[in-house]
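Please look over the sequence and the model below before reading the notes. They are written for someone new to protein structures.

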Amino acid sequence: MPRTILSILAVLAAALCLRAAEAPKIAVVDMEKVFNNYYKTKIVQGFLEEQQNVYRTHLATLNREHEKMQEDYKVLLDAAQNLTLKESERQEKAKLAAAKLVEVKQSEADIQQYFTEKARQFQQLEDTKRKEVTGDIIAEVQRRAVIENADIVFDLSGKTTSNLGSVIYFKPNLDLTDKVLDELNRGNREVQKTPPQPQQGEENK
């Protein structure tokens, strides 16, 4: 009986050792820190801000032109209703006021269309540029995971529904964040950091 028990214990111990040996190796990365400190992120953010400023500048120009049209319309309308003027003059002012009102309404439509179109284009541009950056980051995390022989990589910046960190505890040697950042930012001084020029053709519309 004792031999049987010892044999069973030996088998169980061997099984536990084998299971422990097959346990997946886990690593962690602070993806938010990597994203914010990746040099390409700053380039993209600068480009997006400049592109947004181009749109805002043109929109401000359209709004100023619209306000001028509204002022002109009010002047013409007042003149059309001014009884000190001759009937023929008032009729002429009324025609001009009606034509100016058409311009005002068209201007309103143009501004709304421009705003809607550029907001959509900017969102698409932002999504595209963000995917380019996150694509680089994910590729490097995967490459680093292979080097470190990690089977699973958790994101440290993730939050639970209670707004707590998704990873409560980990050993520092499991953190690949700095290694990923070092590789992503390697040689960035040699990379051309001047972002592509924003679209300037909008001013001619």
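1. Basis of the model. This is a predicted model, in which local features need pLDDT of at least 70 and side-chain atom pairs count only at pLDDT 80 or more, while totals for chains, interfaces and linings use all residues. Residues are numbered from 1 along each chain as its sequence is written, and side-chain values use heavy atoms, with hydrogens and water left out.

2. Layout. The protein has 5 helices and 2 strands. Helices (H or I, at least four residues) and strands (E, at least two) are DSSP runs, numbered from the N terminus. Read from the N terminus on, the order of elements is α-β-α-α-α-β-α.

3. Contacts along the chain. Contact here means heavy atoms within 4.5 Å. Take the contacts between residues at least 6 apart in sequence: 84% of them join residues at least 24 apart.

4. Surface. The protein exposes about 14600 Å², and carbon and sulfur atoms supply 55% of that area. Accessible areas come from the Shrake-Rupley method with a 1.4 Å probe; for residues, only the protein chains shown count as cover. A residue is called buried under 20% relative accessible area, exposed over 50%, and partly exposed in between (1.4 Å probe, protein chains only). Of the 205 residues in the protein, 25% are buried.

5. The core. Which residues have the most contacts inside the largest nonpolar core? They are V34, Y38, V133, I137, V180 and L184, in a core of 25 residues. The elements that give two or more residues to this core are β1 (26-29), α2 (31-37), α3, α4 and α5 (177-184). α3 gives the most, with 8 residues. A nonpolar core is a set of buried Ala, Val, Leu, Ile, Met, Phe, Trp, Tyr and Cys residues joined through side-chain atoms within 4.5 Å.

6. V133. Leaving aside its neighbours within four places in sequence, V133 is in contact with F35, Y38, K40, T41 and V44. Y38 is also among the core residues with the most contacts.

7. L181 and D182. L181 and D182 both belong to helix α5. Is each one buried or exposed? L181 counts as buried because its relative accessibility is 8%, whereas D182 is exposed, with a relative accessible area of 54%. Apart from residues up to four places away in sequence, L181 touches K33, V34, N37 and Y38. For D182 and V34, the C-alpha separation is 9.6 Å and the sequence separation is 148 residues.

8. About 170 Å³ of space lies in the largest pocket. Its lining consists of Q52, Y55, R56, L59, Y114, F115, K118, A119 and F122. The elements that give two or more residues to this lining are α3 (39-80) and α4 (87-147), and α4 supplies the largest share, 5 residues. By type, the lining residues divide into 6 nonpolar, 1 polar and 2 charged. A pocket is an open set of points on a 1 Å grid over the protein atoms alone, where a 1.4 Å probe fits, with protein on both sides within 12 Å along at least five of seven lines; lining residues have an atom within 4 Å of a point.

9. H66. H66 lies in helix α3. H66 is buried, with a relative accessible area of 9%. Beyond residues up to four places away in sequence, H66 touches V104, S107, E108 and I111.

10. P24. P24 sits in the loop between α1 (2-21) and β1. P24 counts as partly exposed, at 47% relative accessibility. Setting aside residues up to four places away in sequence, P24 touches D151 and I152. The C-alpha atoms of P24 and D151 are 5.6 Å apart, although 127 residues separate them along the chain.

11. N149. Most residues other than glycine have a negative phi. N149 is not a glycine, yet its phi is positive, about 60 degrees. N149 lies in the loop between α4 and β2 and counts as exposed, at 57% relative accessibility.

How values were computed
Grid points are joined across faces, edges and corners, and a volume is the space filled by probe spheres set on the points. Ala, Val, Leu, Ile, Met, Phe, Trp, Tyr, Cys and Pro count as nonpolar, Asp, Glu, Lys and Arg as charged, and the others, Gly among them, as polar.
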